[in-house]
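Here is a short report on one protein model. Keep the sequence and the 3D view open as you read.

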Amino acid sequence: MPVPTLHDPDRRGFASDNYAGVHPEALAAIAAANGGHEIAYGEDAYTARLREVIRTHFGAAAQTFPVFNGTGANVVGLTSMLPRWGAVIAASTAHINTDEAGAPERVMGLKLLTVPTPDGKLTPELVDREAYGWGDEHRAQPLAVSITQTTELGTLYTPAEIRAIADLAHSHGMALHLDGARLWNAAAALDVPFGAFTTDAGVDVLSLGGTKNGLLGAEAVVVLDPSHADGLVYLRKLTMQLASKMRFASAQLLSLFDDDLGLRSARHANAMTRRLRTALEAGLADGSLAGLAFSQPSPANAIFATLPTAVADRIRERVRFYDWDRSRGEVRWMTAWDTTPEDVDNFVAVIGEELRR
């Protein structure tokens, strides 16, 4: 009996790139890895190949640990970097602070030291606000910095900006973690190799995202400097992130590197955001979209904008998206690997119709 399709495959919104389905090439990779027997828990040919591929992009010292999801990658990676008394400096908007249900703090007992930022990006000066108190037994010890690329506000670090943060962190004996849930979108926007804004820029441990770029529950912790990640192989198991049939996660991650699927998908998502923003900017210029304003730049696949909440609510009845800060009328619109030009053009028309009502 065929399995019924319960959704409308032609209905796509702008709420999250997590809404998109699995890319057909990733599904093909899963199918290709199926059949026969492979050794469980990562001793399979696909995971071995993934380790080799990761080293070609991130350096010969890189160690790769596939996990199920981004929260798991962040918790496992950060925990491996810190002793029990360690603390992590992060932007107040960081996903580890706002969207992981307190997992780093509640599950593993890490302390987050958060700093407000106007654009989701840390700077050496902002890090310095919490980078103090070493040796003070009354204060959680700042021993790591975590940044997100691209940030939760859709903004982008340059390699030089990451290097500046890494240099400051390392000068204080702290390690640098990078939450790369949308690393592919960042690489596409920067148009540089992965290593240029990770390994070469001083990142020590990386959460390598895949789910937001067309995979089915496949992420990885990539240790770029093994001296900054102790016991990760054990932590992955005790945090319930060790997959028995790891070949299927590894095969998916490999598919992103094969024939540049990950970059192709990210470039398309970024291009759809440019199309959306360009059309909206044209409407602002000619006065047809009065009431709309942008609150952040849009270098990758996210647009942050403000508009009257009543208008946003009417638009959302027709095309789904999320409020970001309802008190300010700020919303977030995201594109994905499967967003089409027609989706964008229809959304622009809906926004215009509701703003003019």
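## An open sheet

Four strands form an open sheet in the order E8-E9-E11-E10, with antiparallel pairing. Strand E8 (293–294) and strand E10 (322–325) are the edges, and each pairs on one side only. E8 and strand E9 (residues 302–306) run antiparallel and are joined by two bridges. Ala293 has Thr306 in E9 as its bridge partner.

Some terms need cut-offs. Two strands pair if DSSP finds at least two bridges between them. Helices (H or I, at least four residues) and strands (E, at least two) are DSSP runs, numbered from the N terminus.

## About the model

This is a predicted model: local features need pLDDT of at least 70, side-chain atom pairs count only at pLDDT 80 or more, and totals for chains, interfaces and linings use all residues. Residues are numbered from 1 along each chain as its sequence is written, and side-chain values use heavy atoms, with hydrogens and water left out.

## Aromatic rings

The structure holds eleven aromatic pairs. Rings of Phe, Tyr and Trp (its six-membered ring) pair if their centres lie within 6.5 Å; planes under 30 degrees apart count as stacked, over 60 as edge-to-face and the rest as tilted. The ring centres of Phe194 and Phe257 are 6.2 Å apart and the planes are at 65°, so this pair is edge-to-face. Phe194 lies in the loop between helix H8 (183–190) and strand E6 (205–208), and Phe257 in helix H10 (residues 246–257), so the pair ties together parts that are 63 residues apart in sequence.

Phe194 is buried at 5% relative accessible area, and Phe257 is buried at 11%. Buried means under 20% relative accessible area, exposed over 50%, partly exposed in between (1.4 Å probe, protein chains only). Ring pairs link Phe58, Trp184, Phe194, Phe197 and Phe257 into a cluster.

## Salt bridges

How many salt bridges does a search of the whole structure find? The count is 19. A salt bridge is a side-chain nitrogen of Lys or Arg within 4 Å of a carboxyl oxygen of Asp or Glu.

One of them joins the side chains of Arg182 and Asp17 (2.8 Å, N to O). Arg182 lies in the loop between strand E5 (175–180) and H8, and Asp17 in the segment before helix H1 (24–33), so the pair ties together parts that are 165 residues apart in sequence. Arg182 is buried at 11%. Asp17 is buried too, at 1%. Asp259 and Arg264 also meet in a salt bridge (3.6 Å, N to O). Here Asp259 is exposed at 64%, whereas Arg264 is partly exposed at 32%.
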